[in-house]
Amino acid sequence: QVQLVESGGGLAQVGGSLRLSCVASGLRFSNFAMGWFRQAPGKEREFIATIDWGGVNTRYANSVKGRATISRDNDKATVDLQMNSLQPEDTAVYYCAANRYGSTEIADEYHYWGQGTQVTVSS
């Protein structure tokens, strides 16, 4: 079975940094584009970043552009999200997701999802 497991969340100060990681199993990882999404309390799921099959092309939401970096290691079947200059509005559950057909910003187009990892940013 396919499994995506996020880790690296926790409590960070305003202006601090976190590195989230997601490890995939049960799929041919290099055949899937990957994405990161987040959902804050009372908010809709929000696109954060996506990366193509080979890690060449990336795309970011305007809300995190310049502060976030998505990367992948196909040998380890992992995708990471480095977030810097954290702000209170970054507080959310962060999810990684896999898409068989390409890197998109649309959550409904992703096929597999992790359980999420909580990020809390506070001063």
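Reader: Which residue of strand 8 stands opposite Leu18?

Author: In this predicted model, Leu18 faces Met83 of strand 8. A strand here is a DSSP run of E of at least two residues, numbered from the N terminus.

Reader: What makes strand 3 and strand 8 a pair?

Author: Two strands count as paired if DSSP finds at least two bridges between them. Strand 3 and strand 8 have six bridges, in the antiparallel sense, so by that rule they pair.

Reader: Why are strand 1 and strand 7 called edge strands?

Author: They belong to an open, antiparallel sheet of four strands in the order 1-3-8-7. Strand 1 (3-7) and strand 7 each pair on one side only.

Reader: Which strands pair with strand 4?

Author: Strand 9 (residues 92-99) is joined to strand 4 by seven bridges, antiparallel, and strand 5 (residues 46-51) by five, also antiparallel. Met34 stands opposite Ala98 in strand 9 and opposite Ile51 in strand 5. Strands 4 and 5 make a hairpin with six residues between them, and Gly42 in that turn has a positive phi of about 75°.

Reader: Why is strand 4 said to be largely enclosed?

Author: Six of its seven residues (33-39) are buried, so the rest of the structure largely encloses strand 4. Buried means under 20% relative accessible area, with a 1.4 Å probe and protein chains only.

Reader: How do you know which residues form a nonpolar core?

Author: The set takes buried Ala, Val, Leu, Ile, Met, Phe, Trp, Tyr and Cys residues joined through side-chain atoms within 4.5 Å. The largest such core has 36 residues, and Met34, Trp36, Ile70, Val79, Leu81 and Tyr94 have the most contacts inside it. Strand 9 gives the most to this core, five residues. Val79 touches residues including Met34, Trp36, Ile51, Ile70 and Cys96, where contact means heavy atoms within 4.5 Å.

Reader: What makes Asn99 buried?

Author: Its relative accessible area is 2%, so Asn99 falls under the cut-off for buried. Asn99 lies in strand 9.

Reader: Which backbone atoms does the side chain of Asn99 reach?

Author: The Asn99 side chain reaches the backbone nitrogen of Tyr101 at 2.8 Å, while the backbone oxygen of Glu109 lies 2.9 Å from one of its polar atoms.

Reader: How do you know which residues and atoms were used?

Author: Residues are numbered from 1 along each chain as its sequence is written, and side-chain values use heavy atoms, without hydrogens and water. Local features need pLDDT of at least 70, side-chain atom pairs count only at pLDDT 80 or more, and totals for chains, interfaces and linings use all residues.

Notes:
Buried < 20%, exposed > 50% of the residue type's maximum accessible area, 1.4 Å probe, protein only. Polar contact = N/O pair within 3.5 Å; in protein donor to acceptor, adjacent residues only side chain to side chain. Lists of a residue's contacts leave out its neighbours within four places in sequence.
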